[in-house]
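Q: I am new to this entry and would like to learn how to read its features. Could we go through them one at a time?

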Amino acid sequence: MNDKDLLRYSRHILLNEFGVEAQQRLADSRALVIGAGGLGSAALLYLASAGVAHISIADGDVVDLTNLQRQIIHREETIGHNKAQSAAQTLRAINSEIDIEVLPARLLGEALEEQVARADVVLDCSDNFSTRHAVNRACVRFRKPLVSGAGIRFDGQITTFDLRDGSSPCYHCLFPDRTDAEEERCAVMGVFAPLVGIIGAMQAAEAIRILTGIGESLMGRLLLLDARTMNWQTVKFKRDLECAACSREHAPPSKEQEYATT
Ligand SMILES: [Zn+2]
């Protein structure tokens with residue numbers, strides 16, 4: 001780290017738990033962020049400003065006027081542009097020292113696996129079940145820590161599946177996929193703007209703590225926020241030994257099965 005880095009990140013380095021070592025770990029790390037919407041906006045802004053040196057952003061959508069109410073990484077002038085590209089533009093203006101990779105498509109199949117395999121931490125900031133399950137399967141396969149957030153109406157949730165640890169539950173243990181599962185989309189349901197910022201910032205906090213080894217992750221704890229009252233609830237959960245996604249009792253799914261829902 002040079003003098004400029006020491007100055008830029010000095011408020012981290014001053015923390016007893018952090019120091020130069022943890023900051024250096026961020027400089028050696030790669031985070032994969034799936035989705036540059038409301039959750040991704042807050043998560044990406046903190047990852048980039050905090051000095052995570054390699055950030056890959058995947059999003060196939062374009063910025064729309066209705067996104068600007070809560071997707072704070074985008075600007076009026078990037079309406080109509082790809083969200084990953086728009087997000088990268090903002091991040092480069094904040095921190096020109098880091099490397100940002102734009103993946104302007106919905107990651108599927110091998111492309112998703114390739115990205116997960118090279119990441120040190122994966123943040124699921126997507127808005128649909130099929131992406132969440134596909135990202136989970138890739139993280140199970142490559143044993144990557146997965147920080148999962150969601151927000152709709154006034155309801156938020158966040159947890160971490162630290163799949164480096166064999167005892168960690170996966171997303172599928174908590175939410176077994178059902179073909180009849182009803183999607184709750186912001187477009188129909190509405191969403192309280194700061195809710196996705198709160199959850200997205202927490203996803204960044206989790207990712208940074210995982211990359212640096214500071215504290216204790218949310219593994220096995222699901223936090224639920226009711227933003228009408230600001231009440232938080234903690235639900236503890238365990239690995240499902242029969243889980244179709246992570247149980248060693250099951251044969252690994254075939255490629256067809258694996259990507260059937262994507
Ligand atoms: Zn599982």
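Q: What spacing do the donors of the zinc ion follow along the chain?
A: This is a predicted model. In it, the zinc donors are spaced as C-x2-C-x69-C-x2-C. The coordinating atoms are the SG atoms of C170, C173, C243 and C246, at 2.2 to 2.3 Å from the zinc ion.

Q: Which arrangement do the four donor atoms around the zinc ion make?
A: Four tetrahedral donors ideally give angles of 109.5 degrees at a metal. Around this zinc ion the four donor atoms subtend angles of 98 to 120°, so the arrangement is tetrahedral.

Q: At what angle do helix α4 and helix α5 pack?
A: Helix α4 (residues 38–50) packs with helix α5 (residues 83–94) at about 30°, and their axes are 9 Å apart. Angles under 35 degrees count as roughly parallel, so α4 is roughly parallel to α5. The crossing of α4 past α5 is right-handed.

Q: Which residues make the contact of α4 with α5?
A: From α4 come L44, L45, A48 and S49, and from α5 come A87, T90, L91 and I94. Six of these contact residues are nonpolar, two are polar and none is charged.

Q: How are α3 and α10 placed relative to each other?
A: Helix α3 (residues 19–27) and helix α10 (residues 193–212) meet at an angle of about 105°, with axes 9 Å apart. The two helices are therefore roughly perpendicular. A22, R25 and L26 of α3 make the contact with I208, L211 and T212 of α10. By class, this contact has four nonpolar residues, one polar and one charged.

Key
Residues numbered from 1 in each chain as written. Predicted model: local features only at pLDDT ≥ 70, side-chain atom pairs only at ≥ 80, totals over all residues. Heavy atoms only, no water. Axes fitted to C-alpha atoms, helices over the stretch in contact; angles between N-to-C directions. Helix = DSSP H or I, 4+ residues; strand = E, 2+ residues; numbered from the N terminus. Parallel < 35°, antiparallel > 145°, perpendicular 65-115°, else oblique. Left-handed = near helix turned anticlockwise from the far one by under 90°. Contact = heavy atoms within 4.5 Å. Nonpolar A, V, L, I, M, F, W, Y, C, P; charged D, E, K, R; others polar. Donors = N, O, S within 2.8 Å, 3.2 Å for Na, K, Ca; no water. Tetrahedral: all angles 85-135°; square planar, octahedral: opposite > 155°, others 65-115°.
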